[in-house]
Amino acid sequence: MKKNKRLFEAISFADDKYISEADPRAVEQRKKKKIYVWGSVAACFACAFIALNLWLFIPFKNELPDVSQYKDSEYYDIIVKLNVITHRPPRYKNNFDKFIINGIGNIFGATKEDNTMGGAEMAPTSSPSFGFTSDDSMEDGTEYEEVTDNQVAGIIEADRIKRSSTHVYYLDGETLKIYSINGYSSEMVGKFTVENSEYTERYSYHWEFYLSNDCNTVTVIAPGYTKNGESAIDVISIDVSDPTNVKQTERVTFTGSYLSSRLVDGKLLLLTNFYVKYNPDFSNEAEFVPQYDLGEGMKSVPAKDIISPETLSAPSYAVVYRLDAKQLVLEGEAAFLSYSQNAYVSDRAAYLSRTFESDDGKSERRSMTEICLLSYKDAFEYKGSVTVEGYIKDQYSLDEYKGILRVVTTTSVTKYEAKGENIAVFGNGNTNASLYCIDLSDMSVKASVLSFAPEGETVRSVRFDGDAAYVCTSIQLSDPVFFFDLSDLSNITHTDTGTIDGFSSSLIQMGDGYLLGIGQGNSWSTFKIEMYKETENGVVSVCSYELDNTYYSSDYKSYYVDRENGLIGLGVQTGSATKYIVVFFDGTSLRELVNAPLAGDTAHMRGVYVDGYFYMFGSNDFKVKNIG
């Protein structure tokens, strides 16, 4: 019975199903439902297809971003200028173009857009000594002794070595080491290693420091990088009054990279570069304005302290800060937008420069340099600027003397032929050298000597000495040295040595009419020191010292110059061996006194002569040599 009942129920359900399917209204409802479902699916696919095509083929925006939202910012004028020069159009036309060029992995941002910086690439008249009063000495009689061959007398430059009458201070990497001065019995008596700050994760190699006149304080300038890879500079004050118990007292931080610095009457002039990246976020001041932290968090340089040309040639700043060297208290700042290159500091003003191109729009481009003057003695005051043709090699190419700024440049002219609206075929650039004398009372060019070198040569080194100027130019390994008599600017005369093998990358005024050149010999692997003598008929070579297969540092601060004793010392590398050499000029010849192995980068090696002994410092290396 149960089996028959189940069979009956199954037949009954089947009948109900067939009856339901036979109902016309039910059939119509099912058809409508299917049409709706499939229509919805098709619509979704269509929308997705349209969206994909829009995403792939809608052009990326190429026009300048609208910055009107920042019109109430104190930096609005700066933002408008930076917006033009830092805007970088998208690399691709659209996402499809990006996909075709880079593959599907990059279409969703697997690789980052390039956001690199859009910046422009950038003789002492007496023995190097600094005047002291009795108040400058420590109670135990210790006195400051200048080691660095400063460009301007009394304007101290930072270095990796400083000394007092009793100790030598050497910056070995990130460690300040203090050595006693005691001939062969000299030893390290104290040291201090600088630790990372809250901003700086790692440091670069370009460290320098100052020693105060009372020999109690060392001020270290430590350029480095933040965790995000941005440039930053830590300035650290260190108490060295007790060499056996050295300790940090103050630390401040500045954004940007290190350009240069000077110590003037206990005031630290810190010069930095700050580069603005492509497509910055103008809602974040840190991305486009130099900043500093003096212990109360980061603050931006105020807009009122930023000087800017009408049209920018580079999205970069040259910034000058003045601080108390011991307490690191900020006393003034000035930022020059579009500047990023060489800086020269006289006893009253800082000179900053920017190089740009002048194009006549037809057939010629010329390199030009604008130089601005910032007075720093009391309050910072911008005094104006002047533009000269050419570009400046380094700080030694500028010199202020009796109200005149003398400048030597390498001029560069590029000829081209325009074809059509967008195509130009450029010829080879022609180079030469020019000298300008600028009246600082009105920033006008008072005198000049244009294109004085053989065509195609560039400036290799410059040294000013009172009414004289020495300029070495070269093309490959040909070396004339020019002597200029600047005593009468209405009648500037110049003579030269003629062709001499090699060239000097540094010229050093040695006194008594002698000029020393450090550079290359008759090949790129030959190191040469050459002594010149000023005569009635020009500048002539007296003697030279050469080392084959030897390379040297072109950093002028790595040279030890002792005019009183006729000594020149520096580190060199022969093959894989590094060593320190000391050469003596006896009036007629250059004679080698020291040739000692010394570890480390030759640019970081330092030496000093004290009472018959020569002290040499390298990377974890220290040597003493008695030279009588």
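This is a predicted model: local features need pLDDT of at least 70, side-chain atom pairs count only at pLDDT 80 or more; totals for chains, interfaces and linings use all residues.
Student: Is S11 buried or exposed, mostly?

Tutor: S11 is largely enclosed by the rest of the structure, because seven of its eight residues are buried.

Student: How many bridges does S11 make with S12?

Tutor: Seven bridges, in the antiparallel sense, with S12 covering residues 267-275.

Student: Why would anyone remark on a positive phi?

Tutor: Because most residues other than glycine have a negative phi.

Student: Where else does a non-glycine have one?

Tutor: Asp512 is one case, with a positive phi of about 60°. Asp512 lies in the loop between S30 and strand S31 (514-520). Asn549 is another, with a positive phi of about 50°, and its loop runs between strand S33 (538-547) and strand S34 (550-552).

Student: Is Asp512 buried or exposed?

Tutor: Exposed: the relative accessibility of Asp512 is 70%, and the cut-off for exposed is over 50%.

Student: Now Leu294. Where is it?

Tutor: Leu294 sits in the loop between strand S13 (291-293) and strand S14 (298-300). Its relative accessibility is 35%, so it counts as partly exposed.

Student: What does Leu294 touch, leaving out its sequence neighbours?

Tutor: Leaving out residues up to four places away in sequence, Leu294 touches Val252, Phe254, Leu328 and Leu330. Leu330 belongs to the residue range of S17.

Student: And how far is Leu294 from Arg251?

Tutor: They are 43 residues apart in sequence, and 7.6 Å apart in space from C-alpha to C-alpha.

Student: Switching to the other sheet. What is the order from S26 on?

Tutor: S26-S27-S28-S29, an open sheet of four strands with antiparallel pairing. Strand S26 (458-465) and strand S29 (493-496) each have a single partner strand, so one side of each is left without a neighbour in the sheet. From one strand to the next, the twist averages 20°.

Student: How many bridges join S27 to S28?

Tutor: Five, between residues 468-474 of S27 and residues 481-485 of S28, running antiparallel.

Student: Where does Phe482 sit, and is it buried or exposed?

Tutor: Phe482 is in strand S28, and with 3% relative accessibility it counts as buried.

Student: Which residues does Phe482 touch?

Tutor: Beyond residues up to four places away in sequence, its contacts include Phe452, Ala453, Pro454, Ala469, Tyr470, Val471 and Thr473, as well as His494, Thr495 and Asp496. Phe482 and Phe452 are 30 residues apart in sequence, with 8.9 Å between their C-alpha atoms.

Student: And Ile500, where is that?

Tutor: Ile500 lies in the loop between S29 and strand S30 (503-511). Ile500 is buried, at a relative accessible area of 14%. Its C-alpha is 6.1 Å from that of Pro480, a residue 20 residues apart along the chain.

Student: Last topic: what volume does the largest cavity have?

Tutor: About 110 Å³. Of the 16 residues that line the largest cavity, Val147, Thr148, Asp159, Lys557 and Tyr559 are the closest to its centre. Strand S35 (560-562) and strand S39 (606-610) are the elements that give two or more residues to the lining.

Student: What is the lining made of, by class?

Tutor: Eight nonpolar, three polar and five charged residues line the largest cavity.

Notes:
Residues are numbered from 1 along each chain as its sequence is written. Side-chain values use heavy atoms; hydrogens and water are left out. Buried means under 20% relative accessible area, exposed over 50%, partly exposed in between (1.4 Å probe, protein chains only). Contact means heavy atoms within 4.5 Å. Two strands pair if DSSP finds at least two bridges between them. Axes are lines fitted to C-alpha atoms, for helices over the stretch in contact, and angles run from 0 to 180 degrees between N-to-C directions. On a 1 Å grid over the protein atoms alone, a cavity is a set of points where a 1.4 Å probe fits but cannot get out, and a pocket is an open set with protein on both sides within 12 Å along at least five of seven lines; lining residues have an atom within 4 Å of a point. Grid points are joined across faces, edges and corners, and a volume is the space filled by probe spheres set on the points. Ala, Val, Leu, Ile, Met, Phe, Trp, Tyr, Cys and Pro count as nonpolar, Asp, Glu, Lys and Arg as charged, and the others, Gly among them, as polar.
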